[in-house]
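Work through the exercises below with the sequence and the model open. Each task is followed by a solution in steps.

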Amino acid sequence: MRKNEYTSIEQFTSQYTGVWNPSENHWFGLDFIYHGVEYRFHTGSMYESDLQLPNGQEMMFGLYKKNNNVLKDEKEYELIGKFANMDDVLESIIDGRPFKDIILDDDTELTGQD
């Protein structure tokens with residue numbers, strides 16, 4: 001049984017790029033599980049106030065890994081990558097694979113969008 005609704009990169013990217021208008025079906029974030037680990041793809045930043053990347057560009061997207069051992073003052077998700085554009089997100093690596101392959105993998109379980 002397929003856990004992943006995405007069948008093309010264009011299908012995924014169209015939900016997170018373009019003109020921001022709720023009627024255009026754009027989302028802020030996507031929760032997913034890959035190889036038993038929970039991740040979140042998020043537009044902008046969930047926690048960080050400094051959105052400038054080392055190259056001077058502004059952070060537009062972040063990838064986060066869920067921290068399952070959260071203590072009192074810790075955040076639920078750990079930032080594992082921040083990106084200025086969708087192409088950089090798609091080329092980023094999680095567990096040795098490009099994100100663009102993971103997001104289309106039949107075994108990647110999409111658990112929520114907001």
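**Exercise 1: a serine side chain**

The side chain of Ser-14 comes to 3.0 Å from the backbone oxygen of Gln-11, a polar contact (N or O atoms within 3.5 Å; within protein, one must be able to donate a hydrogen and the other to accept it, and residues adjacent in sequence count only if both atoms are side-chain atoms). This is a predicted model, in which local features need pLDDT of at least 70 and side-chain atom pairs pLDDT 80 or more, while totals for chains, interfaces and linings use all residues. Residues are numbered from 1 along each chain as its sequence is written, and side-chain values use heavy atoms, with hydrogens and water left out.

Task: state where Ser-14 is found and classify its accessibility.

Step 1. Ser-14 sits in the loop between α1 (9–13) and β1 (29–34); helices (H or I, at least four residues) and strands (E, at least two) are DSSP runs, numbered from the N terminus.

Step 2. Ser-14 has 41% relative accessibility and therefore counts as partly exposed. The classes are buried under 20% relative accessible area, exposed over 50%, and partly exposed in between (1.4 Å probe, protein chains only).

**Exercise 2: aromatic pairs**

Task: classify the ring pairs Tyr-16 with Phe-41 and Phe-32 with Phe-99.

Step 1. Rings of Phe, Tyr and Trp (its six-membered ring) pair if their centres lie within 6.5 Å; planes under 30 degrees apart are stacked, over 60 edge-to-face, and the rest tilted. The whole structure holds ten aromatic pairs.

Step 2. For Tyr-16 and Phe-41 the centres are 5.0 Å apart and the planes at 90°, so this pair is edge-to-face. Tyr-16 belongs to the loop between α1 and β1 and Phe-41 to strand β2, 25 residues apart.

Step 3. Phe-32 and Phe-99 are also edge-to-face, at 6.0 Å centre to centre and 65° between the planes. Phe-32 is in strand β1 and Phe-99 in helix α3, so the pair ties together parts 67 residues apart in sequence.

**Exercise 3: salt bridges**

Step 1. A salt bridge needs a side-chain nitrogen of Lys or Arg within 4 Å of a carboxyl oxygen of Asp or Glu. Six are found in the whole structure.

Step 2. The closest N and O atoms of Arg-40 and Asp-114 are 2.7 Å apart.

Step 3. Arg-40 is buried at 5% relative accessibility, whereas Asp-114 is partly exposed at 43%. A network of salt bridges links Asp-31, Arg-40 and Asp-114.
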